[in-house]
Number of protein chains: 2
Amino acid sequence: MTHSRRDFVRSTTGAAAAVAGFPHIIRKQDDRMVRMGLIGIGDRGTGTLRLMLRRGDVDVRAICDIDPDAIARGREQLIEAGVENLGVYTGEESYRELVEREDLDAVLIATPWRLHAPMALAAMRNGKWAAVEVPVAVTLEECWELVETSEETGIPCMMMENVCYRRDIMAVLNMVREGLFGELIHAQCGYQHDLRFGFKFRPGVEFGENARGPARWRTQHSVTRNGDIYPTHGIGPVSQFLDINRGNRFVTLTSTATKTRGLHQHIVDHGGRDHPNASVEFKLGDIVTTVLSCSRGETVVLMHDTNLPRPYSLGFRVQGTKGIWQDDLRSVYFEGRSPRPHRWEEARGYQETFDHALWKRYTSDAEGAGHGGMDFFVLNGFVESVKRRVPPPIDVYQSATWSAISALSEQSIALGNHPVVFPDFTAGKWATASPDFGFSDEF
Amino acid sequence: MTHSRRDFVRSTTGAAAAVAGFPHIIRKQDDRMVRMGLIGIGDRGTGTLRLMLRRGDVDVRAICDIDPDAIARGREQLIEAGVENLGVYTGEESYRELVEREDLDAVLIATPWRLHAPMALAAMRNGKWAAVEVPVAVTLEECWELVETSEETGIPCMMMENVCYRRDIMAVLNMVREGLFGELIHAQCGYQHDLRFGFKFRPGVEFGENARGPARWRTQHSVTRNGDIYPTHGIGPVSQFLDINRGNRFVTLTSTATKTRGLHQHIVDHGGRDHPNASVEFKLGDIVTTVLSCSRGETVVLMHDTNLPRPYSLGFRVQGTKGIWQDDLRSVYFEGRSPRPHRWEEARGYQETFDHALWKRYTSDAEGAGHGGMDFFVLNGFVESVKRRVPPPIDVYQSATWSAISALSEQSIALGNHPVVFPDFTAGKWATASPDFGFSDEF
């Protein structure tokens, strides 16, 4: 990365106005730099910083974290990459100073969940494009405020939902659009990932102020909330399949939670009955099942399952009038196309045939990026959008809609599994908007 | 089968009184005969008749069907087996005469769904043990009437839910009871079976009076009902895992249906847009998702999915604090026991280790019986119970509870996915009753 490229920067003048000014040009011909601030340099922020530094078009000018170790880690990475005059912000509210800097185009936010919305709002209000780790918000009020603020300021906010870019997901998106499934009828997905070991409780059975990593803040959500608190990795991709907010929308959901056993059992097993955390009362049901209905008549079953022993699975299933795909089985069945009636067919051949243009083009760039390469694409999508001043591939409406499921799910469970009406963050625009995700090989 | 064995019959005097009189003796030492009437000799009845004739302890004395071909088929089988003086009943209401015969111990009912409850009620009211194909009833009122009638008469009613006896299901039941899963938290199941071809529409796209087989009556349920109209193959086994009605019970459910496309599409594809059936408006959503909550805090996700192209699957999943089983993957994971952390392990080895005593004992008897041998066991369970005058392995409370899901699911969907309270057919007895299914190698 040369210094001259880094200095070639244009100022941001508000996305809505700017879109017209910057024609849609392909990435390799676009040598503009994105001047970026990074808030949050934990596990996730560190990984993203590494990816930003691998690119030739991101100029990280400022970092923010309340943890001195995190700051040291970030600073070291950046100095090694040749960054000079790095802005460093360490106080509780110092992110507000970062987003006020006049030399930034965008801010990437990789902090604990409850800080996402306040930070994204501050960024937009200061004219900075906001890239936000999942979920973009925790409460419904935050979801609305993000939408309204993005509309008022004309500044985009993109939730960095990387699973939308998983290679098999993008191939299935192609297959959906090619009509292999016929008319879509039903989908399933979820976040089924045992987070008890080496993550929530790292090390051992501590969480909160005594812990490091996500256990420091994430586990606390299991103490105070009961609902699908992490829906976006499943619902993001499914929303792309179903044209959510772009011809279709979620209209209602019900959620049902099991009893709460996993975390307490883990503490007792590994810390003993006398460990202080053995007396913590967790509120989050071990498994939360959410069923969503769409305006076009499809249903989606969404699982949250993070506190029991189990192999990892996002449990995708896509089903239509002509066929079905099941992630866990790595199999498909398409009537009249699959060789044996009523028998699964390996998905592998379809992966090759329907591999997405983005993956074909950027396979080598994605190599070594986090989560099997997905992380490259989601960052690329944001950065290229900023450079072109075009709407990002995941807009504020998707970000709010997917994240809102948590609060709605909590409501439904609190009401005894009562159906909850899904808000329309697009204020009716969903009905005429067209799908826009994954239609090119650019970003 | 010798004639002398056939004639060795005891009269039924009401099960409740009789249980005390007949000690629990093992099958091979019990040479009593069960005098049986068979109502309904369609596909299912014919298969069951064949199994009854393979046994040495069932004396089929009377048959009933409104279809002359069915009667001819049944009569032929029975004459070939040496039956003399067969009672034959062919009129609409002639089943009432059959159940009034004084020389029958029991009646097996394999008729269209809507006839199950009226026939079972008539049987019990005439002192005949009732074996009923699934579901035992269509409406909630019927479920209640079956329970009340069985209690009043002291005559048992057993729904013939064969999947409770599937070999892997019984091994998993052993594993549940051995504690491999720890405390159970969640289960999934469903009836996911493409019934459009060669079954509902046999041949072609006809149903109702113009059709043969199940298309004659079953498809009509898709015209008039929207709910999980066929829940028992999934929920029966899961209820055994969860001790439903025996220490646990279902307390609430929600159901959500997709739009309705599959059957219409099938008719258009294979009969053309001008076929009279292309104008039929089907009410049943292609996929119905039901989420049940249990008094002990577990949840169950139950799918109904019969009108879209897909490979067959009952989609079982059992999950607890220590591990998980997924039917479709033929895999398990048990923390601390499975060789690789967070990685699936093939279920095969567990099948061998935890194979149920019934299957070990009766493997050769089950060979060639319908549905992979399950049909042998469910019939065996009923016949051996009648011989011993002991409660059948699936009692009237289970039969009513599992079947009631259909009507409750229809209610929930009609109410906009509103949660529906599950009736307690046991009137509180569930709290103190102990599990009783599959505890011996007898039946």
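This is a predicted model: local features need pLDDT of at least 70, side-chain atom pairs count only at pLDDT 80 or more; totals for chains, interfaces and linings use all residues.
Colleague: Understood. How is chain A divided into domains?

Modeller: Chain A has two parts: domain 1 covers residues 3-162, and domain 2 covers residues 164-431.

Colleague: How far apart do the centres of the two domains of chain A lie?

Modeller: The C-alpha centres of domain 1 and domain 2 of chain A are 24 Å apart.

Colleague: And how many residues are in contact between these domains?

Modeller: On the side of domain 1 of chain A there are 58 residues in contact, and they meet 59 residues of domain 2 of chain A. The area buried between the two domains is about 4,900 Å². Carbon and sulfur atoms give 64% of that area.

Colleague: How many salt bridges are counted between the two domains?

Modeller: The count between domain 1 and domain 2 of chain A is 5 salt bridges. As an example of a salt bridge, the side chains of A:Asp57 and A:Lys387 meet at 2.7 Å, N to O.

Colleague: What classes of residue make up the domain 1 side?

Modeller: The side of domain 1 of chain A that touches domain 2 of chain A has 33 nonpolar, 7 polar and 18 charged residues.

Colleague: Let us turn to the two chains. How many residues of chain A are in contact with chain B?

Modeller: There are 52 residues of chain A in contact with 52 residues of chain B. About 4,100 Å² is buried between the chains, and carbon and sulfur atoms give 58% of it.

Colleague: How many salt bridges are there between chain A and chain B?

Modeller: The count between chain A and chain B is 10 salt bridges. As for individual pairs, A:Lys259 and B:Glu298 meet through their side chains in a salt bridge of 3.7 Å, N to O. There are also 18 residue pairs in polar contact between chain A and chain B, both residues being at pLDDT 80 or more.

Colleague: Which elements give two or more residues to that side of chain A?

Modeller: They are strands E7 (184-192), E8 (250-257), E9 (287-294), E10 (299-305), E11 (317-320) and E12 (323-326) of chain A. Strand E7(A) gives the most to the side that touches chain B, with 5 residues. By class, that side of chain A has 17 nonpolar, 20 polar and 15 charged residues.

Colleague: What rotation superposes chain A on chain B?

Modeller: A rotation of 180° does so, with 0.0 Å of shift along its axis and an RMSD of 0.0 Å. The two copies are therefore related as by a two-fold rotation axis. The same surface serves both copies, since 100% of the contact residues of chain A recur in chain B.

Colleague: Which residue of chain A comes closest to the rotation axis?

Modeller: A:His418 does, with its C-alpha at 2.9 Å from the axis.

Colleague: Back to salt bridges: how many are found over all chains?

Modeller: A search of the whole structure finds 66 salt bridges. The side chains of A:Lys429 and A:Glu151 form a salt bridge at 3.3 Å, N to O. A:Lys429 lies in the segment after strand E15 (420-421) and A:Glu151 in helix H7 (residues 140-153) of chain A, so this pair ties together parts that are 278 residues apart in sequence.

Colleague: A change of topic, then. Is the peptide bond from A:Val134 to A:Pro135 cis or trans?

Modeller: The bond from A:Val134 to A:Pro135 is cis, with omega near -15°. A:Pro135 sits in the loop between strand E5 (129-132) and H7 of chain A. In chain B, the bond from B:Val134 to B:Pro135 is cis as well, with omega near -15°.

Colleague: And is the phi of A:Asn245 positive or negative?

Modeller: The phi of A:Asn245 is positive, about 65°, although this residue is not a glycine. Most residues other than glycine have a negative phi. A:Asn245 is in the loop between helix H10 (232-242) and E8 of chain A.

How values were computed: Residues are numbered from 1 along each chain as its sequence is written. Chains are lettered from A and ligands numbered from 1 in the order in which they are written. Side-chain values use heavy atoms; hydrogens and water are left out. Domain bounds come from an automatic or database domain assignment. Contact means heavy atoms within 4.5 Å. Buried area is the accessible area (1.4 Å probe) that two parts lose on being put together, summed over both. A salt bridge is a side-chain nitrogen of Lys or Arg within 4 Å of a carboxyl oxygen of Asp or Glu. Ala, Val, Leu, Ile, Met, Phe, Trp, Tyr, Cys and Pro count as nonpolar, Asp, Glu, Lys and Arg as charged, and the others, Gly among them, as polar. A polar contact is a pair of N or O atoms within 3.5 Å; within protein, one must be able to donate a hydrogen and the other to accept it, and residues adjacent in sequence count only if both atoms are side-chain atoms. Helices (H or I, at least four residues) and strands (E, at least two) are DSSP runs, numbered from the N terminus. Copies are superposed by least squares on the C-alpha atoms of residues with pLDDT of at least 70 in both.
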